[in-house]
Amino acid sequence: MKQFKTIEFNIEDKIGTISLNRPEIHNAFNEVMIAEIIDCFEEIEKMNYDCIRVVIMRGKGKSFCAGADLKWMKGVANYSYQENYLESYKLSMCFNAVYSCKFPTIALVHGAAIGGANGLLAACDFVLAHKNTVFSLSEVKIGIVPACISPYVMKRVGEYKSKELMLTGMRFNGKKAKEAGLVNWSFGEKKLNAKLEDLISMLKSSGPIAVSTCKQLLYDVENVWNHEETMENTAKMIAELRQSDEGQEGMSSFLEKRKPNWTENN
């Protein structure tokens, strides 16, 4: 794995952790961080299940992410339309890299999640937030819109809750984020860490290929297939998995009332 300037990546016990690493500015992102997150997920996609099973995204220091770096935004303001388009499309690519990762992804959020930070967390499969985290989709306050993050936020919270959060630019805490559906769980630090460990344990106890295939299934049903394609492709998928080594082992272990072999060294 290459070395990065604005993020850190490490693997321990098959848990890959991406740490946003600009704590002096609350992990605000710029074009370098955006590119490095994309590069990191591209490297993760090449890894196998013996190496990694779950990816966690978190922020170093006092915050998860304070949104866009003001110095970067100042420069972007002077870009041409084409330059702005290419830079914005790179941001969309960043969120999609998180969203389409073949491994389960967990955002661990604390401190603040402002503006585009909500795209990073919303693109993850699971979001755990400290109850005192400050959230805001504040783009309208500075005369722009939460465009690139909107597909992921709207998938999580729906159209009308998105209107409430995006049109007002309101600030809200972890409890409200949980009520809105933006995060899955919101607790104090001790309970949050316990929930993270429990979630990781559940994910690692499942068949790694099955989890990855299930992620692809959900992506395709939601974003790619029409109804007839869904009927045909889901039937093919389950037929293939039932005949696969992992499927055979999973069904045999269930019938024989024993643990499947992938739990031995997960």
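Guide: A cavity is, on a 1 Å grid over the protein atoms alone, a set of points where a 1.4 Å probe fits but cannot get out; lining residues have an atom within 4 Å of a point. Grid points are joined across faces, edges and corners, and a volume is the space filled by probe spheres set on the points. The largest cavity holds about 50 Å³ of space, and one cavity of 30 Å³ or more is counted. Among the residues lining the largest cavity are Y49, R53, L203 and P208.

This is a predicted model: local features need pLDDT of at least 70, side-chain atom pairs count only at pLDDT 80 or more, and totals for chains, interfaces and linings use all residues. Residues are numbered from 1 along each chain as its sequence is written, and side-chain values use heavy atoms, with hydrogens and water left out.

The chain is divided into domain 1 (7-202) and domain 2 (206-263), bounds that come from an automatic or database domain assignment. To the contact (heavy atoms within 4.5 Å), domain 1 gives 13 residues and domain 2 gives 11. Between the two domains about 880 Å² is buried, 45% of it from carbon and sulfur atoms; buried area is the accessible area (1.4 Å probe) that two parts lose on being put together, summed over both. Y49, R53 and Y99 supply 49% of the area that domain 1 buries against domain 2. Y49 and R53 also line the largest cavity.

Two salt bridges cross the interface, each a side-chain nitrogen of Lys or Arg within 4 Å of a carboxyl oxygen of Asp or Glu. E222 and K155 form a salt bridge, with their closest N and O atoms 3.7 Å apart.

Key. On a 1 Å grid over the protein atoms alone, a cavity is a set of points where a 1.4 Å probe fits but cannot get out, and a pocket is an open set with protein on both sides within 12 Å along at least five of seven lines; lining residues have an atom within 4 Å of a point.
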